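Dear colleague,

I am handing over a structure that I would like you to look at, and below it I have written out what was found. Please keep it open beside this message as you read.

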Amino acid sequence: MESTQAGTQEYKPDQSLETSLRKFEEAFNRYDTKAVASCWAEDGTLITPGGEVGRGRSGVETAYRHDVETILDGTRSRFTITSARRIGQDMCFLDCEQELQNCPMPDGSRGTMKLHVCMLAKKSGNGWQWLDARPYAFLPKPPSVH
């Protein structure tokens, strides 16, 4: 582990975490609702950018399906781990960037949108499952008043 400026502990994710994220990304980009939901722990939760809450794998599957039918239709995503904090032996808190290509934009065009995704992951066998995930967009910076 290495120390960050704030004195907190951050570690480089092991390959099994990256492999689990790639498996998730592939299912996500195929719009495979069952495969996406299988990446979650049985008691996991997802809160979508639109505020829909999916509890358990069936709830995650439903919430993801609703996004596929609306904001994700025709898009392609790339997920990148930007930081990881190990919690005990079998948990990890992740900050990820989701680059969403061909995304419907507020003006009606399509473009690239970047979302931030906070995820809590739990070690499961040789891989990882998501306990909780919260994708969201940052607000634009307000204009300078000076």
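The structure holds 7 aromatic pairs, where rings of Phe, Tyr and Trp (its six-membered ring) pair if their centres lie within 6.5 Å, and planes under 30 degrees apart count as stacked, over 60 as edge-to-face and the rest as tilted. The centres of the rings of Phe24 and Trp40 are 5.8 Å apart and their planes stand at 70 degrees, so this pair is edge-to-face. Because Phe24 lies in helix H1 (residues 15-29) and Trp40 in strand S3, the pair ties together parts that are 16 residues apart in sequence; helices (H or I, at least four residues) and strands (E, at least two) are DSSP runs, numbered from the N terminus. Both Phe24 and Trp40 are buried, meaning under 20% relative accessible area, with exposed over 50% and partly exposed in between (1.4 Å probe, protein chains only). Phe24, Phe28, Trp40, Tyr64, Phe79 and Trp130 form one aromatic cluster.

The model is a predicted one, in which local features need pLDDT of at least 70 and side-chain atom pairs count only at pLDDT 80 or more, while totals for chains, interfaces and linings use all residues. Residues are numbered from 1 along each chain as its sequence is written, and side-chain values use heavy atoms, with hydrogens and water left out.

Turning to the strands, S8 (residues 127-136) is mostly covered, with 7 of its 10 residues buried. Strand S3 (residues 40-47) runs parallel to S8 and is joined to it by 3 bridges, two strands being paired if DSSP finds at least two bridges between them. Strand S7 (residues 110-124) pairs with S8 in the antiparallel sense over 9 bridges, and Val117 has Pro135 in S8 as its bridge partner.

Best wishes
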